[in-house]
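Student: I would like to learn how to read a few features of a protein model. Could we go through them one at a time?

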Amino acid sequence: VLLSFVVEVEFNKMFSILISTTLIYSVQFLSYTNSQKIPWTAFNGGGSRSGINSKESLITRNSVAHLALKWSRQLSTRKDPIDSSPVFWPNVTLSSGETADLLFFNSLLGTLFAINAETGATVWQNTVTVVCPTNDCITKSSPALDPSGKFVYCWRVDGTVRKYAVGSGEEVTGNGFPVFMTYIPVYEQGSAPLNIIGNTLYMTTSGDNHDDSWYVGKVVAVDLTTGVTNVWNALCSNLRYVLQEKDCTVEDRNGAGIWSRGSVVDGGDNTIYVATGNGLFDANSGGYYYGDSLVRLVAGLPNNGSDIIVDTFTPTTFLDMKNKDYDLGSSSPCILPSIPASKTPNMIVQASKDFNLRLINRDNLSGQGCCGNTGGEVHKIAYSDGFVFDHPLAWQDPLGAVWVYVVTTDAQAPGSAAGFHAYQVLTDADGVSTLSLKYTLPIF
């Protein structure tokens, strides 16, 4: 299932949920049997953000034509649209004692909705507000569900991550919650979706829509058992706490925000990946600034005195990218299935606003060892019809070929899809892997 910037699509065994700017639609098969309900706990399934539900077998090329509208309803207004994808948990016990399958998602101004997936009825909703002199205190973040199914975690526009009982919407405090994320929620905001990897909750920050005030991109990790919170800052990365402006100089108001749809991605080996946006980069000269970089970190961000940066990749054109607003982190890293025939069997695809897809070696991001080196991608291929804001989808077909699917957004009309591109990872006799464009669907 591919998630587009305009319409977010999440599939479960019974339902397909489509969210537009103000409406939510539910479609289901005209007839079905033995439908199993599968939780969908975070954006793109959480974890590595693969976007693939391996337990899905009902939706096929033969059955998809039998989907039909089940219900639709308007939840918000044009001033407060839904710009996040839902998460899903089945058989939730409600305050009334009844059970229901629930969807959870945010509105732009920060209302958290719990919706009955069968009927579309609102089960509960709540809002946390903040005094906002800019009228721009918004979020595009998607919530995440606790592995137990008892709690939903949500970024709020007051700069916190909060915990709620799924059946009632009652806030649960203590043991680290609410999580403090920023001193300046008006200008340092959370637009990326939350993720839960193992028993750790992750959230990131970036700037507001105008990028005209001080902020620093950061990752915050919360141990859901102990409540211990750890921080990694993309600028002044040697400082392991939530920063104020006096703590860290930000050049040109570019704070290396972490704002992409995938945000934190699970590496599957006790590491995580994040891609940062425009900001100063000086790690190649021993500094602590990681603007426009792909960074691999120790999972949980332990603050025990050891270095948690495992590896980094930064394009050689980092200064040009910063000056031209070509965020490397406009998209999040897409982990590919392993390719044993390749010299670099474990790879990532990283899209960015400089109109390039980069194929990167996960085992040695720059090809030069850790850390702070520039260049060294395995392959780079250009595209020209728009920006990539979505999380690419990787798929290994039955013959073993690895494909990467990318949706571009019209650079002149953000939010409008420009094209759909299918790439294949080719590996030659010498084990060198490259990306090859196989087809592009017409612009729609």
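Predicted model: local features only at pLDDT ≥ 70, side-chain atom pairs only at ≥ 80, totals over all residues.

Tutor: Begin with a strand pair: strand E10 (residues 151-156) and strand E11 (residues 160-165) run antiparallel and are joined by six bridges.

Student: Which residue in E11 is the bridge partner of Cys154?

Tutor: Arg162 is the bridge partner of Cys154. The pairing belongs to an open sheet of four antiparallel strands, in the order E9-E10-E11-E12.

Student: Which strands stand at the edges?

Tutor: Strand E9 (144-145) and strand E12 (179-180) do; each has a single partner strand, so one side of each lacks a neighbour in the sheet.

Student: Which residues touch the most other members of the largest nonpolar core?

Tutor: They are Val219, Trp232, Cys248, Val274, Leu297 and Leu301, in a core of 29 residues. Strands E16 (218-223), E19 (271-275) and E20 (294-298) each supply at least two residues of this core. Leaving aside neighbours within four places in sequence, the contacts of Leu297 include Trp232, Val274 and Ile308. A second, separate core has 18 residues, among them Cys334 and Leu359.

Student: Where is the cis peptide bond with omega of about 0°?

Tutor: That bond joins Phe177 and Pro178, and Pro178 sits in the loop between E11 and E12. The peptide bond from Cys370 to Cys371 is also cis, with omega near -5°.

Student: Is Cys236 buried or exposed?

Tutor: Cys236 is buried, at 8% relative accessible area. Though not a glycine, Cys236 has a positive phi of about 55°. Asp325, also not a glycine, has a positive phi of about 65°, but Asp325 is partly exposed, at 38%.

How values were computed:
Residues numbered from 1 in each chain as written. Heavy atoms only, no water. Pairing = 2+ DSSP bridges. Core = buried A, V, L, I, M, F, W, Y, C linked by side-chain atoms within 4.5 Å. Buried < 20%, exposed > 50% of the residue type's maximum accessible area, 1.4 Å probe, protein only. Contact = heavy atoms within 4.5 Å.
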